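Please describe this two-chain model. Cover how the chains are built and where they touch.

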Amino acid sequence: MMSDDEIEQPELPAEELPLGDWHRAHGARMVEFAGYHMPIQYEGIMAEHAWTRENAGLFDVSHMGQLMLSGEHTAEALEAIVPGDISALKEGRMRYSLLLAEDGGILDDLMITAAPMGLYLVVNGAVKWDDISYLRDRLPDEITINHMDDRALLALQGPKAVDALRRVVPGVDALYFMEASSYLWGHEPLWISRSGYTGEDGFEISVPAEHVAAFADALCAQPEVKPIGLGARDSLRLEAGLPLYGHDLDDRIDPVQADLSFAISKRRREEGGFTGAGRILGALAGGAPNKRVGFTVEGRMPVREGAPIFAGDTQIGVMTSGGFAPTIDAPIAMGYVETTYAMHGTALEAEVRGKRVPVKVAAMPFVPHRYHRRGQVIQKGTPA
Amino acid sequence: MTRYYTEDHEWIEVDGDLATVGITDYAQGQLGDIVFAEVPAVGSTLNKGGDAAVVESVKAASDVYAPVTGTVTQGNDALEADPALVNSDPEGEGWFFKLTLSDSGELDSLMNETAYKAFVASL
């Protein structure tokens with residue numbers, strides 16, 4: 001018996017993150033991911049997934065790169081390589097954006113927050129070193145790039161995340177989705193945003209590395225909180241319809257193909273002036289040849305990354321993510337198909353181990369997002 | 001009846017020239033929550049070490065190999081409705097398939113329970 005995921009060989013020995021021993025002490029099974037020893041699961045992916053959807057799950061995402069860009073005109077300079085309206089970002093507000101190559105391909109997806117010290121970026125762990133060198137090459141010398149590798153990053157996700165975190169860090173409940181601010185935990189500075197990668201309400205918390213174990217203990221002392229591994233993180237984000245860089249996004253795909261056109265701000269569409277604008281604005285106007293879509297899958301057999309997608313005898317796409325969705329209790333998938341086939345409800349087939357499996361293009365998210373958005377009417381006491 | 005084990009974490013219980021095959025408790029623990037299992041068709045011929053069945057956890061698909069050469073006489077249909085049987089009772093109700101042995105001499109290369117336990121302890 002051999003797992004598909006045991007075949008991948010890391011190029012360098014995996015490194016230890018600040019919470020490595022903490023995870024082992026909490027019963028995690030560790031795997032190598034993005035060059036680090038990371039927890040794949042504790043009690044089991046299904047149970048951890050359900051816990052996060054119903055309570056609050058604590059994720060260690062310290063493998064991700066936390067960068068602070070500071071100096072004069074940082075927003076204007078960053079706008080040369082990302083398509084968002086970064087200059088308009090008010091302090092304490094954040095935006096999902098894309099790091100773009102010259103040809104419009106996606107080098108990474110990232111979060112950009114206007115912080116008091118400058119622009120705070122969170123980038124993917126697997127490509128953070130490439131991102132840093134790309135930023136150094138492309139940004140003017142006057143802009144300082146501080147890779148804050150002395151800080152850990154935690155995510156607390158789920159409908160009860162706010163109840164748990166406000167007890168540990170009073171005041172965080174004042175944040176709305178995609179807002180961030182600084183807080184103190186004792187004497188330790190935290191940077192907290194109301195954001196995440198599960199589709200649930202929740203927070204991402206930047207903590208000094210030497211205090212993260214104590215902070216994680218303080219969170220797990222709350223009855224709503226359990227530690228959650230990377231396995232459930234992946235199934236949660238797939239149900240939320242959120243793409244994973246290196247799987248659903250890469251440097252051959254532009255933002256329009258990736259169905260991430262929302263990340264290209266109105267002003268930037270009018271003015272252009274970002275790398276790859278030619279291809280991307282062309283695709284916005286004339287359409288892209290293929291598109292990222294979600295799929296429901298007939299039956300129980302998971303359809304996974306790499307499965308070809310057919311319309312009759314013709315291959316018209318490929319799956320880039322797929323697996324079993326615990327909340328839905330059925331397999332779901334995400335992939336790219338020729339734009340002609342991207343309409344919701346289109347019946348297609350995927351091929352798994354030589355067999356055809358009926359799949360249907362479906363709206364994403366598969367599980368509705370439950371973000372705590374500003375201006376949203378909250379019906380207190382109404383069952384969800 | 002005698003039970004043998006492979007280094008790929010299959011078990012095979014032999015009764016004359018009939019045998020039942022499944023994956024070990026260690027294997028199901030490593031895989032985690034099983035969401036799908038595909039068993040071989042009755043009448044299909046399996047070769048020792050070749051692909052025999054597929055087991056899928058939330059995160060990945062894994063192959064189950066044939067511990068010996070033989071012809072499939074029965075697949076465990078219960079796994080279709082309840083693949084989690086592989087987690088809850090891997091070495092009992094969670095069996096994968098039964099087959100007739102082509103060459104009982106192939107069993108000599110497999111481990112007994114004591115040897116398998118030592119093998120797992122060394123991992």
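## A helix and its packing

The buried residues of α5(A) pack against β4 (56–60), β10 (151–157), β13 (202–208), α6 (212–220) and β14 (225–227) of chain A. Here a contact means that two C-beta atoms, placed from the backbone, lie within 7 Å. A residue is buried if 20 or more other C-beta atoms lie within 10 Å of its own, exposed if 12 or fewer, and partly exposed in between. Helices (H or I, at least four residues) and strands (E, at least two) are DSSP runs, numbered from the N terminus.

Helix α5 of chain A spans residues 161–168, and its buried residues are Ala161(A), Val162(A), Ala164(A) and Leu165(A). They cover an arc of only 165° around the axis, so they sit on the same side of α5(A). That arc is the one of the directions from the helix axis to the C-beta atoms.

The model is predicted: local features need pLDDT of at least 70, side-chain atom pairs count only at pLDDT 80 or more, and totals for chains, interfaces and linings use all residues. Residues are numbered from 1 along each chain as its sequence is written, while chains are lettered from A and ligands numbered from 1 in the order in which they are written.

## The two chains

Chain A has nine helices and 20 strands. Its radius of gyration is 21 Å, close to the 21 Å that the globule rule gives for 384 residues, so chain A is as compact as a globular protein of that length. The radius is taken over C-alpha atoms, and the rule is 2.2 Å times the number of residues to the power 0.38.

Chain B has four helices and nine strands. From the N terminus, its elements run β-β-β-α-β-β-β-β-β-α-α-β-α. A compact globule of 123 residues would have a radius of gyration near 14 Å, and the 13 Å of chain B agrees.

| Chain | C-alpha extent along principal axes | Buried residues |
|---|---|---|
| A | roughly 65 × 50 × 50 Å | 48% of 384 residues |
| B | about 35 × 35 × 20 Å | 45% of 123 residues |

In chain A, residues 24 or more positions apart account for 66% of the contacts with a separation of 6 or more. In chain B, 61% of contacts between residues at least 6 apart join residues at least 24 apart.

Confidence comes as pLDDT, the predictor's score for each residue from 0 to 100. Chain A has a mean pLDDT of 95, and 95% of its residues reach 70 or more. Over residues 380–384 of chain A, pLDDT stays under 50, and the model has zero contacts there beyond four places in sequence. Where pLDDT is low, the predicted coordinates should not be read in detail.

## Core and interface

The largest nonpolar core has 124 residues. Such a core is a set of buried Ala, Val, Leu, Ile, Met, Phe, Trp, Tyr and Cys residues joined through C-beta atoms within 7 Å. Leu121(A), Leu154(A), Leu156(A), Val303(A) and Ala37(B) touch the most other members. Strand β7 of chain A (residues 106–115) gives the largest share of this core, six residues.

Leaving out residues up to four places away in sequence, Leu154(A) touches Leu58(A), Phe59(A), Asp60(A), Val61(A), Ile205(A), Val207(A), Val212(A) and Ala216(A).

Where the chains meet, 19 residues of chain B are in contact with 19 residues of chain A. On the chain B side, β4 (34–38), β6 (51–57) and β7 (61–65) each supply at least two residues. The largest share, five residues, comes from β7(B). By class, this side has 10 nonpolar, three polar and six charged residues. Nonpolar covers Ala, Val, Leu, Ile, Met, Phe, Trp, Tyr, Cys and Pro; charged covers Asp, Glu, Lys and Arg; the others, Gly among them, are polar.

## Local details

Gly70(B) lies in strand β8 (residues 70–75) of chain B. Gly70(B) is buried, with 27 other C-beta atoms within 10 Å.

Lys48(B) sits in the loop between β5 (45–46) and β6 of chain B. Lys48(B) has 17 C-beta neighbours inside 10 Å, so it counts as partly exposed.

The peptide bond from Met364(A) to Pro365(A) is cis, with omega near 0°. Pro365(A) is in the segment after β20 (355–362) of chain A.
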